[in-house]
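Start with the rings, then move on to the pockets. Keep the structure in view as you read.

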Amino acid sequence: LMQIEGRAASILSAERVALNFAGRLSGIATLTADFVAQTKGTATRITCTRKTTPGLRLVEKQAVLHGGGFNHRFSLSDAIMIKDNHIAASGSIEAAVRNAQAYLKENASPAKIEVETRTMDEVVQVIALLDDERVDTSAVSRVMLDNMSLEDMAEAVRMFAGRVETEASGNVTLETVHAIGQTGVTFVSSGALTHSVMALDVSLN
């Protein structure tokens, strides 16, 4: 990877910290590259999540970029992701979207909204919301298809017809990501890129 010159005492005092960073971040970049290779020939992009090591998010997300992947949110302020708990707390997908839009308007925020769906019924609810002229859905830019079957994902992509980006999440592995990419989803997100990576074994001589 590199050659280092300096005082032996200084080099040896920093050796383990440097190798820990190099090994872990190289492992993330390598695993990301493996995922990207599995989606070759499709328009699907591999993206990481916020499931990063505390204090290391910036460098771990940079490692994903080096592996050919894309970054999702760095923090909650980058975009609003409406997940199952938010929908349950709000009472419905429509209510959750309305609450999010009210927050964005009140704070003059340009952030976009992503809605998580886990069933085809929820997909239909989002489409009905997009079709409802009474609801301003301009901020809704992406829909997550969480833990869905390949058949349902492909059908959801067809139903959205490019009106919003789609993101597949859940049960994403090197063995499944190729088939997921074949469904036509815009993104495949995987927390494993940063939370379950095998570090590269790097040494200093």
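A search of the whole structure finds zero aromatic pairs. Here rings of Phe, Tyr and Trp (its six-membered ring) pair if their centres lie within 6.5 Å. This is a predicted model: local features need pLDDT of at least 70, side-chain atom pairs count only at pLDDT 80 or more, and totals for chains, interfaces and linings use all residues. Residues are numbered from 1 along each chain as its sequence is written, and side-chain values use heavy atoms, with hydrogens and water left out.

Charges do sit over rings. The term needs NZ of Lys or CZ of Arg within 6 Å of the ring centre and within 35 degrees of the ring normal. Arg142 lies over the face of Phe187, 4.0 Å from the ring centre. The charged end of Lys61 sits over Phe74, at 5.1 Å from the centre of the ring.

Now the pockets. A pocket is an open set of points on a 1 Å grid over the protein atoms alone, where a 1.4 Å probe fits, with protein on both sides within 12 Å along at least five of seven lines; lining residues have an atom within 4 Å of a point. Volume is the space filled by probe spheres set on the points, which are joined across faces, edges and corners. The largest pocket has about 690 Å³. It has 35 lining residues, and Arg50, Arg73, Met81, Lys83 and Met144 lie nearest its centre.

The second largest pocket has a volume of about 340 Å³. Its lining holds 15 residues, with Met2, Ile4, Leu19, Ser203 and Leu204 closest to the centre.

Terms used:
Rings of Phe, Tyr and Trp (its six-membered ring) pair if their centres lie within 6.5 Å; planes under 30 degrees apart count as stacked, over 60 as edge-to-face and the rest as tilted.
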